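Welcome! Please take a moment with the sequence and the model before reading on.

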Amino acid sequence: MKIILNNRPETFECTSMTMGELMEIKKFTYKKIIVKVNNKIVEPHEYNSTIIKENDNVVVLHLLAGG
Amino acid sequence: MKFQEIKKKLKTKTVGIAGCGGLGSNCAVALARVGIGKLIIADFDKIEESNLNRQYFFGDQIGKIKSDTLKENIESINPEVEVISHNVFVDEYNFKALFKECDLIIEAFDKPESKEMIVKAMSKFFPEKTLIMGIGMSGWGENDSIKETKYDNLIICGDQKSEVSDGLPPLAPRVGMVANMQANVALEILLK
């Protein structure tokens, strides 16, 4: 499947995966993360029940201290 | 567009700034200088000596309330700007009431928890409004790493990788760059 991840096209062998699997594959492991799938926020407890499929638009933001 | 036209257009606009530290104070001053109509600013903190390496405050203002003091500083730069200052800790309970009249909102917090709160609050209360965040501005040098990234109506300014630590403090040049970049994105949207 092809998805958009942080504004860039990404291709995966499978036809779908959970948000949790995507985070593991891409090694998104920061302490504070915001995940949006098709512009809707996905909470950490929903990572493993949220299915990512063809053409989904996924944003993973690392919220870093400083400002 | 001539500056007089820009001023006329901005006069009708309201920008909310959540946090009056390094990002918020510098961003507010930039927007005030170009003649934004109204600024709604909020912060719970007081000015400390350690803030003066990047924040728009002065030595004789140490110990004073950040939000109210930033209002004073803005008014002495451009008295035409209406500034509403709130000396409060911004959270998901007061966020909607504080910023409901804003055309767009600038995120200027330092703590990741507050940055998380504002992204969630925006999508809950103001899904149609633009949020301009600052993420990654610590240290020095590496001008080229600071950039703007758009995800629909969520816009990130910063390098998205430098996190504040003892060895990588936030300093005036890079914090000011990101703060002014946030103000610049705001202008781009408001002058459309």
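Here is a short tour of confidence, a sheet, a helix pair and the chain contact.

This is a predicted model, where local features need pLDDT of at least 70, side-chain atom pairs count only at pLDDT 80 or more, and totals for chains, interfaces and linings use all residues. Residues are numbered from 1 along each chain as its sequence is written, and chains are lettered from A and ligands numbered from 1 in the order in which they are written.

The table gives confidence as pLDDT, the predictor's own score for each residue from 0 to 100.

| Part of chain A | Mean pLDDT |
|---|---|
| Chain A | 95 |
| Helix α1 (residues 19–25), lowest | 95 |
| Strand β1 (residues 2–5), highest | 98 |

Helices (H or I, at least four residues) and strands (E, at least two) are DSSP runs, numbered from the N terminus. In chain A, five strands make an open, mixed sheet ordered β2-β1-β7-β4-β5. Its edges are β2 (8–11) and β5 (40–42) of chain A; strands pair if DSSP finds at least two bridges between them. β1(A) runs parallel to β7(A) (residues 57–62), with two bridges, and A:I4 has A:N57 as its bridge partner.

In chain B, helices α2 (residues 22–33) and α3 (residues 66–77) pack at about 25°, with axes 10 Å apart. That makes α2(B) roughly parallel to α3(B), a term for angles under 35 degrees. Residues in this contact include B:A28 of α2(B) and B:L70 of α3(B), contact meaning C-beta atoms, placed from the backbone, within 7 Å.

Finally, the contact between the chains takes 13 residues from chain A and 27 residues from chain B.

How values were computed:
Axes fitted to C-alpha atoms, helices over the stretch in contact; angles between N-to-C directions. Parallel < 35°, antiparallel > 145°, perpendicular 65-115°, else oblique. Contact = placed C-beta atoms within 7 Å.
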